Amino acid sequence: MAPNRNLTQLHDAGVSIWLDTLSRELLRSGEFARLISDYSVTGATSNPTIFAKAITGSDLYDEQLRELAAAGGRELQELFFSLALDDVLEAARQLRASYERSGGRDGFISFECTPDLADDTGATIEQATDLWQRLDQPNVMIKVPGTEAGLPAVEELTRRGVNVNITLLFSVERYDEVIDAYLRGLAARASAGEPLDRITSVASFFLSRIDTKVDAQLPEGSPLHGEVAIASARVAYQRYLAKFAGPEWERLERLGANRQQPLWASTGTKNPDYSDVRYVADLIGPDVINTMPDQTLHAFADHGHVARTLDADPAAAARTLLGAAPAGVDLAAVTFELEREGVQSFLDSYHQLLSCIESKLAALADVSR
């Protein structure tokens with residue numbers, strides 16, 4: 001199959017195309033490799049919900065789980081790590097060529113810290129460092145939630161040389177804090193004489209969830225329906241351009257530092273009244289990442305149109321956000337609620353995942369009797 005024209009053009013416009021899923025079936029079937037070769041996919045992300053779906057819905061993990069149990073493995077979190085990290089390593093292997101071609105700016109797979117640590121800075125740092133060392137691949141990122149407790153973790157992990165994907169971002173204000181944490185980590189590392197050139201970070205904005213919650217609070221007929229998430233991303237992109245400029249950034253850049261790229265997440269359209277590719281088509285510009293669920297990826301491949309839309313009218317995007325309060329929407333409250341709901345959703349998936357592993361262990365034990 002020839003490379004898809006729409007996705008090739010999207011990639012050439014400066015958007016790195018990442019897949020918002022991961023599973024052993026995807027990796028072993030050759031489908032992931034096909035998406036890399038034919039659909040311009042250069043990265044992938046995972047989270048507790050993705051792995052819960054992968055492991056509960058497949059028997060491809062059962063043989064490895066049987067072997068781990070036979071060797072004495074019983075601790076559920078460690079069994080999960082053993083299963084999931086093998087998938088992450090295989091994805092990293094298949095993405096390594098993209099990483100090398102981009103000079104280390106693309107070709108990444110992300111793995112998330114367990115969501116029970118989202119509000120514990122020290123435990124997040126400890127687990128993220130351990131996962132980074134276990135994976136031991138340059139094109140891996142460790143996902144840390146952009147909670148208040150996550151900010152000092154981002155700074156410290158960057159100082160330690162860990163590639164960090166900051167996830168569950170909903171507000172421009174929190175995004176500012178995330179960039180500052182990354183820059184402080186780089187500065188501390190530079191002051192210690194440590195290299196900066198192989199550290200990479202992304203900041204993941206979750207979009208469609210914003211519109212779902214905001215739209216429910218807007219009066220009927222409001223022109224803000226379906227506009228706030230796109231506007232938030234466009235304003236965030238302007239912050240990105242401003243923060244990674246000026247004398248201090250230029251000093252770090254001369255030492256080899258990389259910009260922390262914005263990543264558009266939650267890009268599957270939830271409202272059927274909106275275009276199924278709007279969170280891709282309306283956010284096209286240089287040096288960003290769009291992580292798409294499979295359905296959105298194939299929709300854009302089929303009927304997406306590529307034009308530079310991300311920074312076409314920054315002032316209009318800012319006006320949209322300013323118009324939220326007069327329309328009765330408290331964006332600070334909305335984005336805080338979304339953060340807490342996101343953490344809880346991942347925590348629920350994580351508990352479901354551990355219960356599934358426990359059930360599989362019991363079933364395998366019954367078979368072996």
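Visitor: How are helices and strands assigned and numbered here?

Guide: Helices (H or I, at least four residues) and strands (E, at least two) are DSSP runs, numbered from the N terminus. Strand E5, for example, covers residues 164–169, and leucine 168 belongs to E5. The model is a predicted one, in which local features need pLDDT of at least 70, side-chain atom pairs count only at pLDDT 80 or more, and totals for chains, interfaces and linings use all residues. Residues are numbered from 1 along each chain as its sequence is written, and side-chain values use heavy atoms, with hydrogens and water left out.

Visitor: Is leucine 168 buried or exposed?

Guide: Buried means under 20% relative accessible area, exposed over 50%, and partly exposed in between (1.4 Å probe, protein chains only). Leucine 168 has a relative accessible area of 3%, so it is buried.

Visitor: What is the phi of leucine 168?

Guide: Most residues other than glycine have a negative phi. Leucine 168 has a positive phi of about 60°, although it is not a glycine. Aspartate 136 also has a positive phi, near 50°. Aspartate 136 sits in the loop between H7 and strand E4 (140–145), and its relative accessibility of 58% makes it exposed.

Visitor: How do H5 and H6 cross?

Guide: Axes are lines fitted to C-alpha atoms, for helices over the stretch in contact, and angles run from 0 to 180 degrees between N-to-C directions. The axes of H5 (residues 62–70) and H6 (residues 76–101) come within 10 Å and cross at roughly 140°. H5 is therefore oblique to H6; angles under 35 degrees count as roughly parallel, over 145 as roughly antiparallel, 65 to 115 as roughly perpendicular and the rest as oblique.

Visitor: Which residues make that contact?

Guide: Contact means heavy atoms within 4.5 Å. H5 contributes Gln64, Leu65 and Leu68, and H6 contributes Leu79, Ser82, Leu83 and Asp86. By class there are 4 nonpolar, 2 polar and 1 charged residues in the contact of H5 with H6. Ala, Val, Leu, Ile, Met, Phe, Trp, Tyr, Cys and Pro count as nonpolar, Asp, Glu, Lys and Arg as charged, and the others, Gly among them, as polar.

Visitor: At what angle do H6 and H7 cross?

Guide: The axes of H6 and H7 (residues 121–135) come within 11 Å and cross at roughly 50°, so these helices are oblique to each other. On the H6 side the contact is made by Gln77, Glu78, Phe81, Ser82, Leu85, Val88 and Leu89, and on the H7 side by Gln127, Leu131, Arg134 and Leu135. The contact of H6 with H7 has 6 nonpolar, 3 polar and 2 charged residues.

Visitor: Which residues have the most contacts inside the largest nonpolar core?

Guide: A nonpolar core is a set of buried Ala, Val, Leu, Ile, Met, Phe, Trp, Tyr and Cys residues joined through side-chain atoms within 4.5 Å. The largest one has 125 residues, and Leu10 and Phe80 have the most contacts inside it. Leaving aside neighbours within four places in sequence, leucine 10 is in contact with Val15, Ile17, Val280, Ile284, Met292, Phe300 and Val306.

Visitor: Which residues of H14 are buried?

Guide: In H14 (residues 294–303), Thr296, Leu297, Ala299, Phe300 and Ala301 are buried. Among the elements covering them are helix H1 (5–12), strand E1 (15–19) and strand E8 (288–292).
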